[in-house]
Amino acid sequence: MNPNTSSCPRIGLALGSGSARGWSHIGVIRALEEAGYAPDVVCGTSIGALVSAVHAAGRLDWLDGWVRRLTWPGVVSLLDFRMGGGLIEGARLTGFFREHFDDPGIEGLPRPFACVATELGTGREVWLREGPVIDAVRASIALPGLFTPMQLDGRLLVDGGLVNPVPVSLCRAMGAEVVIAVDLNWDLIGRRARAEVQTESGGPAESAPSLLGAPWAALLQRFKPQPRAASAQALQSPSMMDVLTTSLNIMQVRITQSRLAGEPADVLIRPRLSDIAAMDFHRGALAIAQGEAAVRRALPMLADALGEPGPALPGASDLNA
């Protein structure tokens, strides 16, 4: 079967949550398109919402280039710190995307798109399928404790990963017949410790004062991802961000396992990202490469899900002799 023909099932792509690991979604989309499996429907949760929205708008090339150039000082420059419903207000980040992204509204995007958020007051899962794209994405990425909640349509919304980290159900509701899901967090519990992060331009203590002022430098240092050492003393002193994100990772891994068991995808793609910490947004090239590699590993499953002949196995011709 030619995946580009009209007889091909309608493909949906569900991009999961995972903070900085979400840049691997760019590599996933690139590799799927190169293999001839361009998705007809895209949806996402948290960072998956951001990448899928940009893809739906036809701006993935721009995002790819920007992510590959992003440095740690560049990450810090997009963060507007405050003490309120979250550590980061998010206005600077959304302002940046408004400058580089024409928002036609979800209904006006060239490709069908939707994303998931969580209603803070009730804990309900909210599907955002209309209205401004950037506002919907801002709601979906509002990680509790880090980003302030998003006020939208009279509701306070936070990160969709709290209720549906990999939105297979939303993809099917949008008409997808074959759903490809991307789980970014599968290897974060009980897996190998990640190596110490090396940056080209130094860590937050070096770059933060000039960008944020001295009062915020010490606070940001507490949020810097810390290397995991073998000694017990080091394990007893994780950074604030490590405590927060590891706790959220445990929760999201368990929720993801439960949701995928009840709402399985046709093909599950799992990039190997345990070495990338939640705030390693400046390591985009590595994340993108892991996304591409994960798709290559999944190509036989994709072919099978779409009813195509799989790759020939060694010795298969002998069986037909």
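The chat below goes through this predicted model step by step.

Q: What about contacts between residues at least 6 apart in sequence? What share of them join residues at least 24 apart?
A: That share is 77%.

Q: Now the active site. Which residues does the UniProt annotation cover?
A: The "active site" annotation covers Ser46 and Asp159. It comes from an unreviewed UniProt entry.

Q: Take Ser46 on its own. Where is it?
A: Ser46 is in the loop between strand S2 (41-45) and helix H2 (47-56).

Q: Is Ser46 buried or exposed?
A: Ser46 is buried, because its relative accessible area is 7% and the cut-off for buried is under 20%.

Q: What does Ser46 contact, leaving aside neighbours within four places in sequence?
A: Ser46 is in contact with Ser17, Ser140, Ile141 and Asp159.

Q: What about the backbone of Ser46? What is its phi?
A: The phi of Ser46 is positive, about 60 degrees, although Ser46 is not a glycine.

Q: Where is Asp153, and is it buried or exposed?
A: Asp153 is in the loop between strand S7 (150-152) and S8. Asp153 is exposed, with a relative accessible area of 67%.

Q: Back to Asp159. Where does it sit?
A: Asp159 is in strand S8, residues 155-159.

Q: Buried or exposed?
A: Asp159 is buried, with a relative accessible area of 2%.

Q: And what does Asp159 touch, not counting residues up to four places away in sequence?
A: Asp159 touches Thr45, Ser46, Thr118, Ala139, Ser140, Ile141, Ala142, Leu143 and Pro144.

Q: Some of those look like part of a helix. Which residues of H6 are buried?
A: Helix H6 covers residues 133-140, and eight of its eight residues are buried. They are Val133, Ile134, Asp135, Ala136, Val137, Arg138, Ala139 and Ser140. Ala139 and Ser140 are also among the residues that Asp159 touches.

Q: New topic: helix packing. At what angle do H3 and H5 pack?
A: Helix H3 (residues 60-69) and helix H5 (residues 91-100) pack at about 130 degrees. Their axes are 12 Å apart.

Q: What do you call that arrangement?
A: H3 and H5 are oblique to each other. Their crossing is right-handed.

Q: Which residues make the contact?
A: From H3, they are Trp62, Leu63 and Trp66. From H5, they are Phe96, Phe97 and His100.

Q: Next, Met174. Where is it, and is it buried or exposed?
A: Met174 is in the loop between helix H7 (168-173) and strand S9 (178-182). Met174 counts as buried, at 12% relative accessibility.

Q: How far is Met174 from Val41?
A: Met174 and Val41 are 133 residues apart in sequence. In space they are 7.2 Å apart, C-alpha to C-alpha.

Q: What does Met174 touch, not counting residues up to four places away in sequence?
A: Met174 touches Arg10, Val41, Val42, Cys43, Pro112, Phe113, Ala114 and Arg129.

Q: Last one: Met301. Where is it found?
A: Met301 is in helix H12, residues 284-305. Met301 is partly exposed, with a relative accessible area of 43%.

Q: And its contacts, leaving aside neighbours within four places in sequence?
A: Met301 is in contact with Val267 and Leu268.

Notes
Residues numbered from 1 in each chain as written. Predicted model: local features only at pLDDT ≥ 70, side-chain atom pairs only at ≥ 80, totals over all residues. Heavy atoms only, no water. UniProt positions renumbered as here; feature names shortened; annotations may be inferred. Helix = DSSP H or I, 4+ residues; strand = E, 2+ residues; numbered from the N terminus. Buried < 20%, exposed > 50% of the residue type's maximum accessible area, 1.4 Å probe, protein only. Contact = heavy atoms within 4.5 Å. Axes fitted to C-alpha atoms, helices over the stretch in contact; angles between N-to-C directions. Parallel < 35°, antiparallel > 145°, perpendicular 65-115°, else oblique. Left-handed = near helix turned anticlockwise from the far one by under 90°.
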